[in-house]
Amino acid sequence: MFPQTVIEQFKAVFGEEQEIVVRAPGRINLIGEHTDYNGGYVLPAAIDKAIWFAASKRTDDRFVIHSLDLNDSFDSNHGEIRQQSQQSWVNYLLGVISEARKDGFKVGGLNIVFGGDVPLGAGLSSSAALECGMGHIVNELFGIGMDKMDIVKLAQRAENKFVGMQCGIMDMFASVMGRCENVVRLDCRSLEYEYFPFKSSEYTLILCNSGVKHALVDSEYNTRRRECETGVAQIKRSHPDIKSLRDITQSMLEEEKSNLPEVVYRRCNYVIGEIKRVEDACKALINNDLEQFGSLMYQTHDGLQYDYEVSCTELDFLVDATKQFKLASNQKDAVLGARMMGGGFGGCSINLVKKSALKSFLSFMQTAFLAEYDRELPCHEVALTDGVATIA
Ligand code: GLA
């Protein structure tokens, strides 16, 4: 359906052909959750669910934007670019324009039609895809000359400053820097990154969408950030050189345990363990040890559920159901790992599932979910793809 639909709709709406067609993918994260804003490592990938844009420059400074999925339109009418509370989806796009202009870049008006198949509110970063796609369009059409990392940072600033969500850099990085059949480990402090091939003839990645829209995520997310900062501030008293949880070892944390509020201790304990797990997971990939990789995913879920407390009953149910499935099917390697993915409080679980058991896995999970919650469980097999690019 895409990108043909955006091309046709662009013609229908604006009566001419677009100058550019851009694909901006959603992302998954294999391991390394809530580590990006703590200066740690993440291991995301871009996926075969994306937003497609058809766009052209205008001769004036108006922005006329059509969202096919929401069947909604925006027209800036020569007005100043500012936050629009009513059409919240527009903020992700206008934020990029506003931040690019603050950087001194000359960004004129645009006609845009976009649509795609990244499920909204499922934790696959449709918002980062919007921002990164827009960053790419602006860069190409106005000849700005940003490199890929500049686009990542511009997109993150749009989210932090214009939309007002204090997210880390992972989602934008994955959407821009993704590579076909690879995951990429990002050091969120130095911004150094390394690709790891992730392709198995035996195992595949499945997302199970809990259908819970992560409404709590913004406020709880910012609270988690503050709790981590509280931990860092306390430990800094005896270790003045530390800058973030990345610098804190397990033994430093244990030394300070009695001086920390119990909840802050648990948050820090999770993050320190998770940063280490990403390193261990990459070693497992190098050794081709998917079993070890999967067991780290289960450990991450435990940490997110009990210590970081960003899961929800539906996601816990889904992770638990994978263990039930292995027992019921008497195949302990049918699912190597499962965990909630992304910011939390809803969205998808990510599962590393044996291809030969896929059919029975899906049927078990969907039947169990229906019986428990009386609704369907959408599941998607994902492929890892390249990041944001012009396709025509
Ligand atoms: C959200 C944020 C990311 C990251 C994850 C948790 O997706 O946008 O920056 O912090 O949560 O890993």
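Strand 10 (residues 335-340) is mostly covered, with six of its six residues buried (buried meaning under 20% relative accessible area with a 1.4 Å probe, protein chains only). Strands here are DSSP runs of E of at least two residues, helices are runs of H or I of at least four, and both are numbered from the N terminus. The model is a predicted one, so local features need pLDDT of at least 70 and side-chain atom pairs pLDDT 80 or more, while totals for chains, interfaces and linings use all residues. Residue numbers start from 1 along each chain as its sequence is written, and side-chain values use heavy atoms, with hydrogens and water left out.

Strand 10 runs antiparallel to strand 11 (residues 348-354), and five bridges join the two; pairing takes at least two DSSP bridges. Across this pair, M340 faces S349 in strand 11.

Seven of its seven residues are buried, so strand 6 is largely enclosed by the rest of the structure. In a regular strand the side chains alternate between the two faces of the sheet. Both faces of strand 6 are covered, with L110, I112, F114 and G116 buried on one side and N111, V113 and G115 buried on the other. As for partners, strand 3 (residues 44-57) pairs with strand 6 in the antiparallel sense over seven bridges, and K57 sits opposite L110. Strand 4 (residues 63-67) runs parallel to strand 6, joined by five bridges, with H66 opposite V113.

Strand 6 (110-116) also turns up in the lining of the largest pocket, where it supplies at least two residues, as do helix 2 (88-102), helix 3 (126-141), helix 4 (148-163), helix 5 (170-177) and helix 6 (217-238). A pocket is an open set of points on a 1 Å grid over the protein atoms alone, where a 1.4 Å probe fits, with protein on both sides within 12 Å along at least five of seven lines; lining residues have an atom within 4 Å of a point. The largest pocket holds about 990 Å³ of space. Its lining counts 49 residues, and Y92, S125, S126, S127 and H214 come closest to the centre. By class, this lining has 22 nonpolar, 18 polar and nine charged residues.

The second largest pocket has a volume of about 350 Å³. Of its 18 lining residues, F198, K199, S200, Y203 and T204 are the closest to the centre. Strand 9 gives the largest share of this lining, three residues.

How values were computed
Buried < 20%, exposed > 50% of the residue type's maximum accessible area, 1.4 Å probe, protein only. Points joined across faces, edges and corners; volume = space filled by probe spheres on them. Nonpolar A, V, L, I, M, F, W, Y, C, P; charged D, E, K, R; others polar.
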